[in-house]
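My entries follow in the order in which I looked things up.

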Amino acid sequence: MNHIEPVNKVFYIAVYDIASNKRLQKVLNTLRKYMNWVQNSAFEGELTAKQFHSLKEELNQIINKEKDSIIFYHAEEQKYIGKKILGIEKNEITQFY
């Protein structure tokens with residue numbers, strides 16, 4: 001009998017400030033692989049520990065740690081984070097995991 005452990009996911013919000021346009025495009029493409037784009041310089045999504053580790057590894061290969069910044073806010077469940085939008089919602093959230 002195969003026993004499959006449940007995979008816990010954590011909800012993350014990523015915001016970033018990248019000093020170089022070349023690195024910015026790479027960071028954007030990498031974040032799109034794992035998370036949902038919500039507006040300029042902001043992504044959100046649920047990731048497993050393994051996915052988050054892979055994402056951080058990929059981003060660490062791209063960014064210049066002296067000039068760039070990526071901040072991850074996290075919560076065990078998305079329901080514990082309230083969200084209010086002023087103005088337009090730039091991107092409808094889609095789940096792809």
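Entry 1, contacts along the chain. I looked up the contacts in the chain with a separation of 6 or more, and 75% of them are between residues 24 or more positions apart. I note here that the model is predicted.

Entry 2, the elements. I counted two helices and four strands in the chain. Read from the N terminus, their order is β-α-β-β-α-β.

I asked what share of the 97 residues is buried. The figure is 33%. The chain exposes about 7,200 Å², and carbon and sulfur atoms supply 50% of that area.

In soluble globular proteins, nonpolar side chains tend to be buried together.

I checked the length of α1, which covers residues 21-34. At 1.5 Å a residue, its 14 residues should span 20 Å, and the end C-alpha atoms are 20 Å apart, so the two values agree. At the start of α1, a side-chain oxygen of Ser 20 comes to within 3.2 Å of the backbone nitrogen of Lys 22.

Next I listed the buried residues of α1: Arg 23, Val 27, Leu 28, Thr 30, Leu 31 and Tyr 34. An α-helix has 3.6 residues a turn, so residues three or four places apart point the same way. What do the buried residues of α1 pack against? I found β1, β2 (36-39), β3, α2 and β4 (69-75).

Is Leu 31 buried or exposed? Its relative accessible area is 0%, and buried means under 20%, so Leu 31 counts as buried. Leaving aside neighbours within four places in sequence, I found Leu 31 in contact with Ala 14, Tyr 16, Phe 43, Leu 55 and Leu 59. I also took one distance: Leu 31 and Gly 45 are 14 residues apart in sequence, and their C-alpha atoms are 9.9 Å apart in space.

A pair of aromatic rings is described by the distance of the centres and the angle of the planes. I found four aromatic pairs in the structure. One of them is Tyr 12 with Phe 52, a stacked pair with 4.1 Å centre to centre and 10 degrees between the planes. This pair links distant parts of the chain, with Tyr 12 in strand β1 (residues 9-17) and Phe 52 in helix α2 (residues 49-62), 40 residues apart. Tyr 12 and Phe 52 are both buried.

Another pair is Tyr 16 with Phe 43, which is tilted, at 6.2 Å centre to centre and 35 degrees between the planes. Tyr 16 is in strand β1 and Phe 43 is in strand β3 (residues 42-48), 27 residues apart, so I noted this as a link between distant parts of the chain too. Tyr 16 and Phe 43 are buried as well.

Last, I looked for a cluster of rings, and Tyr 12, Phe 52 and Phe 72 form one.

Notes: Residues numbered from 1 in each chain as written. Predicted model: local features only at pLDDT ≥ 70, side-chain atom pairs only at ≥ 80, totals over all residues. Heavy atoms only, no water. Phe/Tyr/Trp six-rings, centres within 6.5 Å; stacked < 30°, edge-to-face > 60°. Buried < 20%, exposed > 50% of the residue type's maximum accessible area, 1.4 Å probe, protein only. Expected span 1.5 Å × (residues − 1). Contact = heavy atoms within 4.5 Å. Polar contact = N/O pair within 3.5 Å; in protein donor to acceptor, adjacent residues only side chain to side chain. Areas by Shrake-Rupley, 256 points an atom, 1.4 Å probe, with all protein chains shown as cover.
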